[in-house]
Amino acid sequence: MRGKLWTRLAPFISKRHASTSQTSLSSSSSSCSVINPWLFVGLGNPGEKYQCTRHNVGFDMIDMFAQSQGISLTRHPFKALFGEGMVEGVPVLLAKPQTYMNLSGESVGPLAAYYKLPLNRILVAFDDMDLPCGVLRLQPKGGYGRHNGVKSLIYHFRKNREFGRLRIGIGRPPGQMDPKAFVLQKFNKTGRERIDSAIEEGVEILKLVVTKGLTEAARSSNVDQKYKHLTTHDMQLPNSASKIAI
């Protein structure tokens with residue numbers, strides 16, 4: 001069930017993943033360096049009516065990364081679209097939970113447990129209203145703020161918050177607009193352009209996470225992102241033609 005890649009990963013997985021029949025391996029074999037897989041998760045809602053909405057930028061990030069690496073995403077037993085591949089010699093797993101946003105942990109929790117991944121090898125991409133549209137922020141841990149998808153992950157990780165986040169800024173709703181309606185809208189033209197550009201930058205950030213580690217990737221990428229798009233009101237105005245009823 002773990003797919004063809006899992007067989008190819010066997011030489012890289014630590015001894016706690018190996019069968020008891022491998023205990024007779026020589027000490028020289030056990031001293032080989034371990035390469036733990038990365039699990040990159042994008043949060044969003046399944047279904048055509050949610051495509052290209054603000055709440056689905058996590059899905060968009062994983063789609064673009066998968067495309068850039070030639071990784072195909074197919075349905076997986078853990079309620080997710082799932083793909084696996086190698087990036088710069090490092091095994092990478094990709095997932096888009098299909099549970100709807102607020103239940104994302106029902107997919108990601110069992111998936112991470114099945115592959116026996118430590119939380120510091122999991123990174124989640126999701127929309128964030130506390131960042132200007134198109135600004136990215138990479139963090140090794142944190143809370144959930146007002147994001148119910150991340151809240152669900154924390155719950156299914158037994159309240160552990162020690163997993164990485166790639167926050168994708170979508171800006172704040174204008175005026176007194178309901179945030180729930182705001183996140184289910186599509187971007188206006190300016191906002192879409194900034195998000196598309198940010199997703200391309202996010203792909204490079206994810207590649208940097210794989211090659212340099214999350215801490216080093218955050219140190220370099222967060223400085224570059226800090227002063228992007230200082231004026232944000234122009235892309236936060238709602239596009240009446242793209243409103244979605246909820």
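The model is predicted, so local features need pLDDT of at least 70 and side-chain atom pairs count only at pLDDT 80 or more, while totals for chains, interfaces and linings use all residues. Residues are numbered from 1 along each chain as its sequence is written, and side-chain values use heavy atoms, with hydrogens and water left out. Helices (H or I, at least four residues) and strands (E, at least two) are DSSP runs, numbered from the N terminus.

**The sheet**

- Seven strands make up an open sheet, in the order β2-β3-β4-β1-β5-β7-β6, with mixed pairing. Two strands count as paired if DSSP finds at least two bridges between them.
- The edges are β2 and β6, each of which pairs on one side only.
- On average, neighbouring strands of this sheet are turned by 25° against each other, direction ignored. Axes here are lines fitted to C-alpha atoms, for helices over the stretch in contact, and angles run from 0 to 180 degrees between N-to-C directions.
- Strands β5 and β7 run parallel and are joined by six bridges. If you want a spot to look at, Ala 125 has Leu 166 in β7 as its bridge partner.

**Helices across the sheet**

- Helix α3 (residues 57-69) lies across β1 (38-42), β3, β4 (90-97), β5, β6 and β7, and runs at about 145° to β4. Contact means heavy atoms within 4.5 Å.
- Helix α8 (residues 214-225) lies across β1, β5, β6 and β7, at about 155° to β6.
- The length of α8 checks out: at 1.5 Å a residue its 12 residues should span 16 Å, and the end C-alpha atoms are 16 Å apart. The expected span is 1.5 Å times one less than the number of residues.

- Buried means under 20% relative accessible area, exposed over 50%, and partly exposed in between (1.4 Å probe, protein chains only).
- In α8, the buried residues are Leu 214, Ala 217, Ala 218, Ser 221, Asn 222 and Gln 225. They cover an arc of only 110° around the axis, so they sit on the same side of α8. The arc is that of the directions from the helix axis to the C-beta atoms.
- These buried residues pack against β1, β5, β6, β7 and α7 (189-212).
- Thr 215, Val 223 and Asp 224 are exposed on the other side of α8.

**Salt bridges**

- A salt bridge here is a side-chain nitrogen of Lys or Arg within 4 Å of a carboxyl oxygen of Asp or Glu. By this rule there are nine salt bridges.
- Lys 79 and Glu 106 form one of them, at 3.6 Å from N to O. Lys 79 is in the loop between β2 (74-76) and β3 (80-87) and Glu 106 is in helix α4 (residues 105-114), so the pair ties together parts 27 residues apart in sequence. Lys 79 is partly exposed at 45% relative accessibility, and Glu 106 is partly exposed at 32%.
- Asp 128 and Arg 167 form another, with their closest N and O atoms 2.5 Å apart. Asp 128 is in strand β5 (residues 122-128) and Arg 167 in strand β7 (residues 164-169), so this pair ties together parts 39 residues apart in sequence. Both Asp 128 and Arg 167 are buried.
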